Amino acid sequence: EVTRFDELEEAHAELKLKQLLWVSIGEWDELLNQWFEMEFETIDAENLNQVVTKYNKSVYQLEKGLPPNSVVPFLKEKVESMRDKVPTITNLRNPALKQRHWDIVETILNHKFTAEEPLTLAKLVDLEAFDHEEQLEEVSGQASGEAALETMLKKVEDSWKTTEFVVLPHRDSKDVFILGGTDDIQVVLDDS
């Protein structure tokens, strides 16, 4: 037997979900406007991903808790559309991207970025950048790989800069020298 309190609790839970739905739609539209208009270089891709994931969970909760309606699919479509853009946004916000990589991105998108026209998410949508997800991911991966190699090379270079070579005269020769105490050099060589 269902008591009035059970019905009240059900009504309260449904009201809470409906409130979550309408608040989510308003907040989501505001977030989209911010993301689409702000300069792309100021977008925090990790934070954006967390927000999209949070809203995706809210949509799932709303789908399960509310009776079928036309508003939840509307919000779901908006959130999923942004979720599909997140990998490309993350790839283009890769801190390892250098000018040479942006030159490749410009070639892929067939557009030259200028200081007069700041890059925004809206501009990337206009350029259909999200249709080139695989190519942009490849450029980003290449940039990350190059950055890792540059870091390793710098480490090797620094270790060799500080390595001292002990030079000893060879027998009785005045102008002929040999390396002495090569143990430290061998360790640096092995680490390189």
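**Salt bridges and a helix pair in a predicted model**

Glu-150 is partly exposed, with a relative accessible area of 36%; this class lies between buried, under 20%, and exposed, over 50% (1.4 Å probe, protein chains only). The model is predicted, so local features need pLDDT of at least 70 and side-chain atom pairs count only at pLDDT 80 or more, while totals for chains, interfaces and linings use all residues. Residues are numbered from 1 along each chain as its sequence is written, and side-chain values use heavy atoms, leaving out hydrogens and water.

Glu-150 forms a salt bridge with Lys-98, at 3.9 Å from N to O; the term requires a side-chain nitrogen of Lys or Arg within 4 Å of a carboxyl oxygen of Asp or Glu. Glu-150 sits in helix H6 (residues 133-161) and Lys-98 in the loop between H3 and helix H4 (99-109), 52 residues apart. Helices are DSSP runs (H or I, at least four residues), numbered from the N terminus.

Another salt bridge joins Lys-78 to Asp-29, with the closest N and O atoms 2.4 Å apart. This pair connects helix H3 with helix H1 (residues 4-37) across 49 residues.

Helix H3 (residues 71-92) also packs with helix H2 (residues 45-65): their axes come within 9 Å and cross at roughly 155°. Axes are lines fitted to C-alpha atoms over the stretch in contact, with angles from 0 to 180 degrees between N-to-C directions. The two helices are therefore roughly antiparallel, a label for angles over 145 degrees. Within H3, Val-72 is buried at 6% relative accessible area.

Note on methods. Angles under 35 degrees count as roughly parallel, over 145 as roughly antiparallel, 65 to 115 as roughly perpendicular and the rest as oblique.
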